[in-house]
Amino acid sequence: MTQEYPAIDRIDRRLIALLLANARATAFMLADAIGRSASAVGRRQRALEEAGVITGYEARVDLARLGYRTIVHIKMTLESQRKDVLEAFEAAIVTSPSVVRCDLMSGNDDYLVTVRARDLTHFAAIHREELSRLPGVTRMESGFVLREVVSPRLPLALLD
């Protein structure tokens, strides 16, 4: 079970928001924006890292600018919910190079898989060469993203 950070206050939320906007910000830049000393901000940042609230720093890549403009969500149903079937599917899906996200779901469908493709022809190849070969899958239903309305982000209430 994930342990919650005990006391995230307004300053911690501001620090997280600033790091989300610019993970390369220096302690001095963060301190200036927050109105605290660099050492105090550094201590808070380390505490958030040690508590597992901040899990890493990464570059955000615009996949559309790299030619991967098509986002497809695929609802997948497996032949059963047996542990061996789920494990076989999950072991295979993590090796699928076009899959950017996969979530085990409640409800009628077992998994929601997200794929990035260059275009419809490329997705057809992904479907044929990657997705249709996944073990235990009995049904797939694809939905194509027409326009992203909300990009991945933290819940806004967290940063209030």
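**Exercise 1. Locate Thr77 in the secondary structure, decide whether Thr77 is buried or exposed, and list its contacts.**

Solution. Thr77 belongs to strand S1, residues 70-78, where strands are DSSP runs of E with at least two residues, helices are runs of H or I with at least four, and both are numbered from the N terminus. The model is predicted, so that local features need pLDDT of at least 70 and side-chain atom pairs pLDDT 80 or more, while totals for chains, interfaces and linings use all residues. Residues are numbered from 1 along each chain as its sequence is written, and side-chain values use heavy atoms, without hydrogens and water.

Next, the relative accessible area of Thr77 is 15%, and Thr77 is therefore buried (under 20%; exposed is over 50%, partly exposed in between, with a 1.4 Å probe and protein chains only).

Finally, leaving aside neighbours within four places in sequence, Thr77 is in contact with Asn108, Asp109, Asp110, Gly136, Val137, Thr138 and Arg139, contact meaning heavy atoms within 4.5 Å.

**Exercise 2. Describe how helices H2 and H3 are arranged and which residues meet.**

Solution. The axes of H2 (residues 27-34) and H3 (residues 38-50) come within 8 Å and cross at roughly 100°, the axes being lines fitted to C-alpha atoms over the stretch in contact and the angles running from 0 to 180 degrees between N-to-C directions. The two helices are therefore roughly perpendicular (65 to 115 degrees).

From H2, Ala27, Phe28, Leu30, Ala31 and Ile34 meet Ala38, Val41 and Gln45 of H3.

Conventions:
Parallel < 35°, antiparallel > 145°, perpendicular 65-115°, else oblique.
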